[in-house]
Amino acid sequence: MAKLPTKEDVLAWIRDNPSAAGKREIARAFGLKGAARVELKRLLAELKDGGQIERRRRRVRPAGELPPVAVLRVNHADPDGDLFANPEQWDGHGDPPTLLVRQRLGDPALGPGDRLLAKLQRVQGQDHSYEARPIRKLGGEAPRTLGIFRETSAGGRLEMIEKGANREWMIPAGQSDGATDGELVEVEALERGRTALMRGRVVARHGNPGAPRQVSLIAMVQHQIPYAFSAEVLAEAAAAEPIDTLGAREDLRHLPLLTIDPADARDHDDAVCAAPDDDPANAGGHVVWIAIADVAHYVRPGSKLDREARTRGNSTYFPDRVSPMLPEELSADLCSLIHGADRPCMALRIVLGADGEKRSHRFTRGLMRSHASLSYEVVQNAIDHDEPLPDALLETAIRPLFAAWQAAASARERRAPLDLDLPERKIKLDDAGQVVSVDFRDRLDAHRVIEDFMVLANVCAAETLEAKRTPLLYRVHEEPNPDKLDALRETVESLGLTLAKGQVLKTAHFNRLLAAASGTPHAETVQMSVLRTQTQAYYGSRNFGHFGLSLPRYAHFTSPIRRYADLVVHRALIQAMKLGDDGLKPDEIERLDQTAEHISQTERRSMEAERDTVDRYLATYLADRVGGEFTGRIAGVSRAGAFVKLNETGADGLVPISSIGTDYFRHDPDRQTLTGDKTGRVLGLGMPVTVRLREVAPVAGGLILELLEIDGTSMASAGRGGRGSTGRRKLGKDRIKKAKMARKRRR
């Protein structure tokens, strides 16, 4: 009988044969049979109890060592272009090991944040302890979700936050991270299951789900929006220093540049000023200066800050917090155009004719100083009521700025961009995060001044880069889909309005429709219908124009603190005009298409998260008004029922089709109506209604309404089948789930 190996012999063999280190393979290697195999089992148990080996899927390996094949995540590249990664799962002591990724010709392109399946090999005498040979690039992270932890005898289960979720999660014993019953937790899948039941582990605990400030956190986690910066990124931001010398920059500190932003603005990207043009050849003309924060000076290509900014794509704004693209040291300080502080900028000088048409423009890299930080409301009040501003700014800065804008506005009217004027909700919170009011933001001329000049600056950026034949990221908005146009015609015809047919539609045609609806009960419905007809804007390296703005070329340039696209355009301008060594690099140009696709996705992600947060805050605000009556208008219909927008708050709620009187209603998706089989009663877009708030799900952001009156006519309050109170309670969660899913499809 073969001699039983020592523990050292077994450990040495496991290290040399990591892919075959099962009990059967070890016994075969040492020629062990019968009773010797029992002894081997005891020896392996002693090694495991002593922490020298660990068992994983019927294989054993030395404790603290990586398996021969593992899932890795690339975390950074060094100056030579070598990639380094960390294992996604690490059970050893201390920090997970860093692996050099050895790529070969034909391997998939990899970059920071990518996941890959790789063969691992230990190396000696190097800064890294392992090397990895890629097998294949993997998709996104293991599925994650957010929910409320519920203790069970077998460990726990997850009560889903997202009512549209179609999977149930089970948390095995030992995988709860100490979570208590009722706590808001983030869970990651332990395996990629193909069934409705998922096994997961708690990876983060967030406390009481009912706390007011959890509303935006829920949205951030659900939509995978980062809510913290790594220590490395924060350290790089903290090391940044203000500019103390002019250098090659143009000195613009004498210009009366000032910032005009919302009163609660968290950063200041842009500053503006204007003056009459003193060139006799341009009588009645204007000179406009637009200065934009020079983020490219601080966020260099390939830096940790740059990689993080690209990963985030943009800042995401919530009523109670912001997930910024850049750390606060930059976004709220060194890159922000703070009143009275010298700041580096990318500046643009524009000459307008008396007719508002642009005659010329030039870009420069400068040093500026903001002469004031004003809010839209303060500026508008000064213009409307001649109220003086500090340092006589009303006469020296604001009036010249408005005069230049009025000229530019005439050119804008000739261009006829899409004239949508949709109300924007403003949620006001108290210090504890509770909603105290929901209002609609005023639309002021001061808003239009800044918006129109920012559009003009973006046009100048695109024109300059095209003239220099420099690659860039365009902001693209393509023409509406013909099928959506046909649906819009059906909708407006049902309201007694018309939209031109049989010709190439331009924004002017939409504007005539909007003007015809203005002042009628259907104005908001037509606005929303026209908006839904439009395609979604995106970023791209190829130019297809901007339909909504009626512009042949357009690129985002004015908000580099909060949009990565703008930072790319800044770098392109720096490179094209030879304004520094921090311009667009060849590797950035090569991956422009990837960058465009990525930041288009992060933008949509942020919009969905912001919208979900508003829905939840509105539901929380209305939670104690269940049973109350509200007026509103039908804003959409689907097979699930009618969506009603409440006049008071702008909140959306669903009137389930099963609860509308005793009739059977059929959905017509083309005409956007619900029609009763027996009565012929029609529910369509824009109809005024009175509803009762029946159910509220604050965490999901869902409202269920009961239709009381439509167009002044009373409706039967009993639903088909006459469900009792018990039936309504059981149906509640299902109703909320259907409401959320139907609302997302409608958007």
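These are my notebook entries on one predicted chain and what I looked up in it.

**Ground rules**

I number residues from 1 along each chain as its sequence is written, and I use heavy atoms for side-chain values, with hydrogens and water left out. The model is predicted, so I ask for pLDDT of at least 70 for local features and 80 or more for side-chain atom pairs, while totals for chains, interfaces and linings use all residues.

**Entry 1: the whole chain**

I counted 17 helices and 34 strands in the chain. Both are DSSP runs, numbered from the N terminus: helices are H or I with at least four residues, strands are E with at least two. I then checked burial. Of the 747 residues, 48% count as buried. Buried means under 20% relative accessible area, exposed over 50%, and partly exposed in between, with a 1.4 Å probe and protein chains only. Next came contacts, meaning heavy atoms within 4.5 Å. Among contacts between residues at least 6 apart in sequence, 65% join residues at least 24 apart.

**Entry 2: the barrel**

I traced a closed barrel of five strands, running β3-β4-β5-β7-β6 with mixed pairing. Its twist averages 50 degrees from one strand to the next. Two strands pair if DSSP finds at least two bridges between them. Val101 stands opposite Ala132 in β7.

**Entry 3: β19 and its partners**

How many residues of strand β19 are buried? Nine of the eleven (the strand covers residues 342-352), so β19 is largely enclosed by the rest of the structure. I followed its pairings next. Eight bridges join β19 to β16 (residues 286-293), and the two run antiparallel. Ala293 stands opposite Cys345 in β19. Eleven bridges join β19 to β20 (residues 358-369), again antiparallel. Leu352 faces Lys358 of β20 as its opposite number. The hairpin of β19 and β20 has five residues between the strands, and there Gly356 takes a positive phi near 85 degrees.

**Entry 4: the β22-β23 hairpin**

I found five bridges between β22 (residues 425-429) and β23 (residues 435-440), which run antiparallel. Lys426 stands opposite Asp439 in β23. This hairpin has five residues between its strands, and Gly433 takes a positive phi near 90 degrees.

**Entry 5: α10**

I compared the length of α10 with expectation. The expected span is 1.5 Å times one less than the number of residues. For the 23 residues of α10 (residues 445-467) that should be 33 Å, and the end C-alpha atoms are 33 Å apart, which agrees. The helix is mostly covered, with 17 of its 23 residues buried. Just after α10, Arg469 takes a positive phi of about 55 degrees.

**Entry 6: helix packing**

I took axes as lines fitted to C-alpha atoms, for helices over the stretch in contact, with angles from 0 to 180 degrees between N-to-C directions. The axes of α10 and α14 (residues 564-576) come within 10 Å and cross at roughly 45 degrees. That makes α10 oblique to α14. Under 35 degrees counts as roughly parallel, over 145 as roughly antiparallel, 65 to 115 as roughly perpendicular, and the rest as oblique. The crossing is left-handed; that is, the near helix is turned anticlockwise from the far one by less than a right angle, and clockwise would be right-handed. I listed the contact residues: Ala461, Thr464 and Leu465 of α10, with Val569, Ala572, Leu573 and Ala576 of α14.

A second pair is α6 (residues 304-312) and α16 (residues 592-622), packed at about 60 degrees with axes 8 Å apart. That makes α6 oblique to α16. From α6, the contact uses Arg310, Thr311 and Arg312. From α16, the residues include His598, Ile599 and Arg605.

**Entry 7: Ser559**

Is Ser559 buried or exposed? At 5% relative accessibility, Ser559 counts as buried. I placed Ser559 in the loop between β25 (538-540) and α14. Leaving aside neighbours within four places in sequence, Ser559 is in contact with Asp269 and Asp566.

Three bridges join β30 (residues 673-676) to β31. Thr675 has Val682 of β31 as its bridge partner.
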